[in-house]
Amino acid sequence: MDAATGMRPAPSEMSFSRRDDDTLLVWLAGSWKLQDDLPSANEVRKQVKSNPRVRRIAFETQKITAWDSGLLTFLTKLVNQSAQGQIELDREGLPSGVRRLLSLAEAVPEKKGARTEVVQPSFVERVGRSFIDSEQSLLEMLTFFGEVTLTFVKLLRMKARYRTSDLMLLIQECGAQALPIVTLISFLVGVILAFVGAIQLAQFGAQIYVADLVGIAMVRDMGAMMTGIIMAGRTGAAFAAQLGTMKVTQEIDAFTTMGFSPLEFLVLPRMIALILMMPLLALYSDLVGILGGAAVGLGMLDLSATTYFRETMHAINLTDFFGGVFKSAVYGVLIALSGCLRGLECGSSSSAVGDATTSAVVTGIVFIIATCGIFSVIFYALGI
Amino acid sequence: MEATHVENSTPHITVQNLTMAYGSFVLIRDLNFSVRHSDVFIIMGGSGCGKSTLLRYLIGLKETEGRGEIFYGKDNFSSADPLLKEKIRRRFGVLFQSGALWSSMTLAENVGLPLGEYTDLSPAEVREVASLKLALVGLSGFEDFYPSQISGGMQKRAGLARAMALDPDILFFDEPSAGLDPISSRLLDDLILELRDSLGSTVVVVTHELASIFAIGNNSVFLDPESRTMIASGSPKELLAHSDDPRVRRFLTRGEGEEV
């Protein structure tokens, strides 16, 4: 309105005078809005302090042109201050709207204990707390693992209940639909491995061993691990988000109250789907990775296709394949476990679903890499 | 209305000395009430007083952890072993606040899932029964719709169809009229009464809709967050007529009856 008329609003003003010996009269004038540069309530306090005999504060507000919450906050501060200093606040002179809003704000007394003091814990306390928390979450994880194992026992005894159509859909989602991304990543990993090897091996004129390097690395470890990491980001996250949302919308409660175990109905099919699909994806990834290595070998190192593939077949044996396939199945279990666990633990808000998803991916990848390390040691010790 | 019910039998649900708590934070203590067979029992109170939490205790989503007991008939639900608990639960039907339909299934599949699991019906029969239940809530023709394709009110009615799929003895409703327009909410109330009368189910409703409370309730418990306990129980109409407690009067008259 001010802009339309081209007039600048009158600035907010405050001045003081004494009505009686014990009454401070506060003159308010101009525009008292939040965006205006409002005088501070402390000035009133200074006035009161400099006149120890003042027992009352009164207002003269005829000249206020406009007001909003700015004036109210200013007055609320005054109310609190004067309550502390046992000074009476005469609200007679305030605009009637302001008086009504003030009494509305005071109608419900502050709930005791609702306002919590935020105390910044010390470093030691934080370390201690996070240790206790991690113990707790480890316990939850083990409990979940135990429950899932029991559910699997039920499955073997043909007593587990789940919908076959759900399982089929999940197999499609984490099988065939993952092929494009697995193709891309595996091919590039093959290419990268070949380049890394080629630079070193060319110094000895032993480029042909690039085929051995790529073949062994892909089949024994990289195929399973890359697939695992892709699936943790792709499917593990999806599981956590699906189950987390179902938690928020009470769909999981609905399963529980109807006597359907969420573990059987939701976790089991997801786990079966991943255990079945992961080895297939890993084998596919092995193949594509070897092709990626071959692309470098044939294109840059002047090896012939026959030599390259004969060398690859010579380098890898069936045991290597079985090792890789076994690892990938284990990774499948870990991805499904972390995804479903985080989803079922999810709190009841949309940000909790985000946290659950993040946590599922992080847990999944950490599990995969750690397990991969453990397997390497065991396989080495066993001479596989 | 009450005259038609059998008196003196064991109450359908009995709650004894229940204390509801989240960890060490006590929400409500000393809850004692019973729900008779074929009651429409209202759990009422202002927002945040623990109505929905009480419902979670009643349907076993929250454990009593030794702080009080809940009986269904003569069975102690709180200390029941998982098998008995499962058996008691099988007699429940629950309508959650948001409907909580399983979003990956069609309406017919939602209603049919418990039927398929707990009865010997063939898939074709399951579908017939599911269609019937959907027709009862006015959703005939929507069998193959997914929950996301229908409106909130329809989701709620579909949730009701699922809750009564197995003809339960007890129906629980969490805020049935929340998010519904006045007419839909009225229709839902009529439906609840109709189900009670025709199937003889006991109905437990969490709500703060005054219109619903007076229209359908014949027994109730009033939770008060300030004193952290129940401060009234009985028929809502009687409470309105005879209660001396200003907090109850205030609630039942939308805050207008304080001075009366």
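Student: Which residue stands opposite Arg56(A) in β4(A)?

Tutor: In this predicted model, where local features need pLDDT of at least 70 and side-chain atom pairs count only at pLDDT 80 or more, while totals for chains, interfaces and linings use all residues, Arg56(A) stands opposite Glu88(A), which belongs to β4(A). Residues are numbered from 1 along each chain as its sequence is written, and chains are lettered from A and ligands numbered from 1 in the order in which they are written.

Student: OK, and in what sense do β3 and β4 of chain A pair?

Tutor: Strand β3(A), residues 56-67, pairs with β4(A) in the parallel sense, over 2 bridges; strands are DSSP runs of E with at least two residues, helices runs of H or I with at least four, numbered from the N terminus, and pairing takes at least two DSSP bridges.

Student: What's the strand order in that sheet?

Tutor: The order is β1-β2-β3-β4 in chain A, an open sheet of 4 strands with mixed pairing, and its edge strands, each pairing on one side only, are β1 (13-18) and β4 (88-89).

Student: Switching topic, how many residues does each chain give to the contact?

Tutor: Chain B gives 14 residues and chain A gives 10, a contact being two C-beta atoms, placed from the backbone, within 7 Å.

Student: Which elements of chain B give two or more residues there?

Tutor: On the side of chain B that touches chain A, these are α2 (82-89), β6 (92-95) and α3 (107-118) of chain B.

Student: And what does Ala161(B) touch?

Tutor: Leaving aside neighbours within four places in sequence, Ala161(B) is in contact with several residues, among them Val111(B), Lys133(B) and Leu139(B).
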